[in-house]
Amino acid sequence: MAASGENRTLIASLIRDVPDFPKPGIVFKDITPLLGSPAGYAAAIAELAADAPDGVDYVVGMEARGFVFAGPVALALGAGFVPVRKPGKLPGAVLTQTYALEYGEETLAIHADAIPTGARVLIVDDVLATGGTITATVDLVRRLGAQVVGVAVLLELGFLGGRDLLASHGLTDPRAVLSL
Ligand code: AMP
């Protein structure tokens with residue numbers, strides 16, 4: 001099922017374009033107006049949770065904007081929420097994954113005991129851009145022995161090719177509520 005037209009229109013109207021942030025040439029998709037609207041935020045969570053795969057055990061969200069969506073989606077699905085964080089933030093033993101950015105690199109971490117072997121995991125984030133963040137998270141989840149059964153994002157920036165990077169990791173059907 002595609003996102004309902006009414007929800008999609010509402011959500012799109014509440015995402016603000018901020019040109020040249022955080023650097024020249026980037027059009028930043030600011031979700032704070034959406035979060036400030038109870039109807040808009042609820043519509044976003046409902047759409048992200050819609051058509052989730054059966055039997056999701058855990059929803060994984062990435063620091064920081066991913067938390068805002070992944071936590072409520074976990075509650076909606078009756079699943080647990082697992083945070084993926086920047087290095088140095090999680091107190092227990094962690095697995096880390098480093099991936100390339102346009103300039104430089106980034107590292108993400110997950111608690112080594114966060115997800116049992118074989119569990120079914122849905123990954124949720126706000127924006128799918130190049131796909132680097134999501135594929136690094138997929139790698140972490142798989143290294144724990146769990147299965148990634150779905151990816152859901154609020155907004156896909158299709159011109160950045162993230163869908164192709166996900167496909168190269170065997171994830172052929174990410175769900176995007178809105179696509180540009
Ligand atoms: P990527 O790893 O390139 O797919 O980037 C995804 C992450 O970067 C997401 O978690 C977003 O929060 C953030 N991001 C990338 N591009 C944008 C953008 N144009 N506007 C807002 N957030 C972005």
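**Close-up 1. The ligand takes the space of the largest pocket.** The model is predicted; local features need pLDDT of at least 70, side-chain atom pairs count only at pLDDT 80 or more, and totals for chains, interfaces and linings use all residues. Residues are numbered from 1 along each chain as its sequence is written, and side-chain values use heavy atoms, with hydrogens and water left out. A pocket is an open set of points on a 1 Å grid over the protein atoms alone, where a 1.4 Å probe fits, with protein on both sides within 12 Å along at least five of seven lines. A molecule sits in a pocket if more than half of its atoms lie within 2 Å of its grid points. Strand 2 (27–30), strand 7 (120–128) and helix 5 (132–143) each give two or more residues to the shell around the ligand. Helices (H or I, at least four residues) and strands (E, at least two) are DSSP runs, numbered from the N terminus.

**Close-up 2. The shell around the ligand has 13 residues.** Asp-125, Asp-126, Thr-130, Gly-131 and Thr-133 come nearest. A residue is near a molecule if one of its heavy atoms lies within 4 Å of it. By type, the shell divides into five nonpolar, four polar and four charged residues. Here Ala, Val, Leu, Ile, Met, Phe, Trp, Tyr, Cys and Pro count as nonpolar, Asp, Glu, Lys and Arg as charged, and the others, Gly among them, as polar.

**Close-up 3. Lys-29, Arg-65 and Asp-125 each place an atom by the ligand.** Lys-29 uses its backbone: an N or O atom lies 2.9 Å from a ligand nitrogen. Arg-65 uses its side chain, with a polar atom 3.1 Å from a nitrogen of the ligand. From Asp-125, a polar side-chain atom lies 2.8 Å from a ligand oxygen. Taken alone, the ligand exposes 480 Å², and the protein buries 81% of that. These areas come from the Shrake-Rupley method with a 1.4 Å probe.

**Close-up 4. Gln-97 and Arg-143 meet through their side chains.** Their polar contact spans 2.7 Å. A polar contact is a pair of N or O atoms within 3.5 Å; within protein, one must be able to donate a hydrogen and the other to accept it, and residues adjacent in sequence count only if both atoms are side-chain atoms. Gln-97 lies in strand 5 (residues 94–100). Gln-97 counts as buried because its relative accessibility is 17%. Buried means under 20% relative accessible area, exposed over 50%, and partly exposed in between (1.4 Å probe, protein chains only).

**Close-up 5. Two peptide bonds are cis, Phe-21 to Pro-22 and Glu-63 to Ala-64.** For Phe-21 to Pro-22, omega is near 0 degrees. Pro-22 sits in the loop between strand 1 (16–19) and strand 2. For Glu-63 to Ala-64, omega is about -10 degrees. Ala-64 belongs to the loop between strand 3 (58–62) and helix 4 (65–77).

**Close-up 6. Asp-20 and Asp-51 have positive phi.** Asp-20 is not a glycine, yet its phi is about 60 degrees. The loop between strand 1 and strand 2 holds Asp-20. Asp-51, also not a glycine, has a phi of about 60 degrees. Asp-51 lies in the loop between helix 3 (38–49) and strand 3. With a relative accessible area of 45%, Asp-51 is partly exposed.

**Close-up 7. Val-82 lies in strand 4 (residues 80–84).** At 5% relative accessibility, Val-82 is buried. Val-82 and Gly-118 are 36 residues apart along the chain, and their C-alpha atoms are separated by 15 Å.

How values were computed. On a 1 Å grid over the protein atoms alone, a cavity is a set of points where a 1.4 Å probe fits but cannot get out, and a pocket is an open set with protein on both sides within 12 Å along at least five of seven lines; lining residues have an atom within 4 Å of a point.
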